[in-house]
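Open the model in your viewer and keep the selection panel at hand. The tour goes stop by stop.

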Amino acid sequence: MNVKLIRIITGEEVVAELLEETDDSITVKNGLVALPQAQSVGFMPWATVIDKQEPEITVSKNHIVYIAAVDSGVKNKYCEMFGGITAPEKKLIL
């Protein structure tokens, strides 16, 4: 699952699965808006009234400030929510 953090020009930080990227746009699904809280980050659906049968959203790159890798803990939680089976994070045994 290609999970990315997308900063929109409106200030929203969206965590979503990046499905496709072209020169002009990106297509994502299962977007969640990151909401800073006291000592953590909460999430709420980005497009609350989107058709659940067609969850993909195409966004013009004119509306995007940046696309970045997402924190591994956030990615794991996102994959639990939307991906079904998740692999445990690799850790080194000393």
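Select Glu21. This is a predicted model, and in it Glu21 is partly exposed because its relative accessibility is 46%. Lys61 and Glu21 form a salt bridge, with the closest N and O atoms 2.8 Å apart. Glu21 belongs to strand β2 (residues 13-21), while Lys61 sits in the loop between β5 (57-60) and β6 (64-69), so the pair ties together parts that are 40 residues apart in sequence. Lys61 also counts as partly exposed, at 27% relative accessibility.

How many salt bridges does the count come to? It comes to 3. Two stops cover the others.

Select Arg7 and Glu13. Their side chains meet in a salt bridge, at 3.3 Å from N to O. Arg7 is partly exposed, with a relative accessible area of 27%. Glu13 is partly exposed too, at 25% relative accessibility.

Now go to Lys77 and Glu80. Their side chains meet in a salt bridge at 3.9 Å, N to O. Both residues lie in helix α1, 3 residues apart, which is about one turn of the helix. Lys77 has 47% relative accessibility and counts as partly exposed. Glu80, with a relative accessible area of 49%, is partly exposed as well.

Stay on the helix. Select Tyr78 and Phe82, both in α1 and 4 residues apart, about one turn of the helix. A search of the whole structure finds 1 aromatic pair. The ring centres of Tyr78 and Phe82 are 4.8 Å apart and their planes stand at 45 degrees, so the pair is tilted. Which is Tyr78, buried or exposed? Tyr78 is buried, because its relative accessible area is 2% and the buried class lies under 20%. Phe82 is partly exposed, with a relative accessible area of 32%.

Met81 lies in helix α1, which spans residues 72-82. At 47% relative accessibility, Met81 counts as partly exposed.

Last stop: the strands. Select residues 25-36 for β3 and residues 41-45 for β4. The two strands pair in the antiparallel sense, over 5 bridges. A hairpin of 4 residues joins β3 to β4. Which residue in β4 is the bridge partner of Val33? Pick Met44: it is the partner of Val33.

Notes:
Residues numbered from 1 in each chain as written. Predicted model: local features only at pLDDT ≥ 70, side-chain atom pairs only at ≥ 80, totals over all residues. Heavy atoms only, no water. Buried < 20%, exposed > 50% of the residue type's maximum accessible area, 1.4 Å probe, protein only. Phe/Tyr/Trp six-rings, centres within 6.5 Å; stacked < 30°, edge-to-face > 60°. Pairing = 2+ DSSP bridges. Salt bridge = Lys/Arg side-chain N within 4 Å of Asp/Glu carboxyl O.
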